[in-house]
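Thank you all for coming.

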Amino acid sequence: MCNHHNEENCQKHHNEWKMPARIICTLIVFVCLIIIKPNHTLKLAGYIIAYIIIAYDVIINAFKNVLSKHFFDENFLMSIATFGAFLIGEYPEALMVMMLYQTGEYFCHRAVEKSKKSISDLMNIKPEIANVEIDGKIVQTNPLDVKINDIIVVKPGEKIPLDGTVLEGFASIDTSNLTGEAIPRNISPTNEVMSGCIVLNGMIKIKVEKEFKNSTVSKILDMVANAASKKAKTENFITKFAKIYTPIVVSFAIILAFVVPLCLGEFPVWHSVWFKRALIFLVISCPCALAISIPLGFFAGIGRASLDGILIKGGNYLETSSNAKTIAFDKTGTLTKGRFQVSDIFPAKDANGSEIISKDELLKIAAYAEHFSNHPIAQSIKSAYKENIDISYIKNIKEFAGLGVTSDIFNKNTIVGNYEMLQKFNIDIPILNIENTSLFIAQNNNYLGCITVSDDIKDDAQNTITNLKKSGIKKTVMLTGDTEASAQRIQNKLNIDEIYYNLLPNQKVEVLENLMKLNKPSETLIYVGDGINDAPVLARADIGIAMGKIGSDAAIEACDIVIMDDKLEKINKTVEISKKTLRIVKENIVFILSVKILFLIFGAVGLVSMWGAVFADVGTSIISIINSLRILGRKI
């Protein structure tokens, strides 16, 4: 008996064995009828009973579709074909056709389940409970009921239920459900953590930053759940094709069954050889091979991508990606690591060429001046300094938005900021040939030097650009809001074809639209980004790919594909998977239609038996399904 807690699992287990049980029962009755050889009445009754066991759901679906005026499908075709076989006394053929059809359908279903496995693994990341700390006590709560700023406790072996920041504890967490990475990630206080990861060791306390509906795991689940509803153009072809194809083949079958015998004077028509040919014609014409194998192909492609931590929101994006000829990148956080680091320190020099201040002292002054700033560049300066800061030496701080700060450091008036900031205070700066972002420092109206910070290029950026060009991408482009010098530095190192710099979000969209106009109608453009300012461009591109690990919520929401671990090499993997998926789907379409047309011609002139008709339908389905499952292969 199934109790309340495992009722769903029992039901699933029951459904898995239901069709095999029906097939086995039908086969037993069929064999018994062949061996026993009863009289005609018992024989007919036995075949009808066996037929009902194996075919009742097909008949019910066909009847429902007739009532809803959507009856031109495989259920309708199989029903009338087998009814006709009974009418002409071909009971064994009628039963075997339906049994083989149901067997094929069952294996199709199992194949779909296999292709879903990697995605169902993702679905299992949904946490069941959250341990909320209330007045020093742990209360188990549904993650949906946890609020922002609540404190949750996660123990070894448990899933992190909501996104947040670690307050206490050190642990290793398994992020493979989200990123595809097998190497555990070490976390400590102040680190941000994503829901769906599993704590391997240690106990941690987390301050919740997002409600469950906005958490990483919730968004991933929504993406996966909605992926199947977004059909690719090739899938839409099946729907359009069936509306034309099915009425045509039914009309031909009617002509073969009734018109030809009447013209030849063969009465009654159901005793005519043409009537049987018409039934064979109907069995051959069933479009179930196309209806099953093509969606399965796209679903297998989505599942294959998820194995690598690539979440594709729908089969249509696989199809579009396969036609990409131009790829445009954001710079910061996409091609680069998105973290500023001090790259060099340039103290000012006197007339003799000697430095007027040491590098360490210049860095110290800048770190003190930027101590209360949360700007990324200020953070990089403080990180490079590493020493403790005595805030008693910092006074009279004044911030100038977009320029810099002034303050009294060690009782000296200090100015730290960009070039425009020092110009504002009439501080003369020597001409410097520096590519990276610079922070200038002056005290008591005297220029002391500058510190450059840079955003390092990602380790896999160079190989990604090279491999994309090898895979057929004609043009690589970079769009950035950064300066010309910074953009050119990245372009030179990565061999990017075109760069556009100093761009605001709306200007990025304009540039993107111009790039898209240069493509042929059959060619598409991919844009890769991660920030809030990238959201409009991601939404506008033919395909938007977002970096899921450090990407903003807006970018992830607007994109079509999410790379969970931010590795640029996964872009090339996405293109490869999409091309393989489309290639296999097209192979299936050509194979199925070729076999169908050939067998339809042979069936109409009497060269194909009912068994040949079964192969043309069920056989092509199984072959094309096996072909589709090649997409799930590890090597792509």
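This is a predicted model: local features need pLDDT of at least 70, side-chain atom pairs count only at pLDDT 80 or more; totals for chains, interfaces and linings use all residues.

Residues are numbered from 1 along each chain as its sequence is written, and side-chain values use heavy atoms, with hydrogens and water left out.

Let me begin with the sheet, which is open and has six strands in the order β2-β1-β3-β9-β4-β7, with antiparallel pairing. Strands here are DSSP runs of E with at least two residues, and helices are runs of H or I with at least four, both numbered from the N terminus; two strands pair if DSSP finds at least two bridges between them. At the edges stand β2 (137-141) and β7 (192-193), each with a single partner strand, so one side of each is left without a neighbour in the sheet.

Strand β1, residues 130-134, pairs with β2 in the antiparallel sense over five bridges, and N131 has Q140 in β2 as its bridge partner. The two strands form a hairpin with two residues between them, and D135 in the turn has a positive phi of about 50°. Further along, β3 (residues 151-154) and β9 (residues 204-208) pair in the antiparallel sense over four bridges, where the bridge partner of V154 is I204 in β9.

Turning to the helices, α13 (residues 359-369) and α14 (residues 376-385) pack at an angle of about 130°, with their axes 9 Å apart. Axes are lines fitted to C-alpha atoms, for helices over the stretch in contact, and angles run from 0 to 180 degrees between N-to-C directions. That makes α13 oblique to α14, given that angles under 35 degrees count as roughly parallel, over 145 as roughly antiparallel, 65 to 115 as roughly perpendicular and the rest as oblique. On the α13 side L363, K364, A366, A367 and Y368 meet I381, K382, A384 and Y385 in α14, contact meaning heavy atoms within 4.5 Å.

The contact is made by L318, E319, S321 and S322 of α11 with V575, I577, S578, K579, T581 and L582 of α21.
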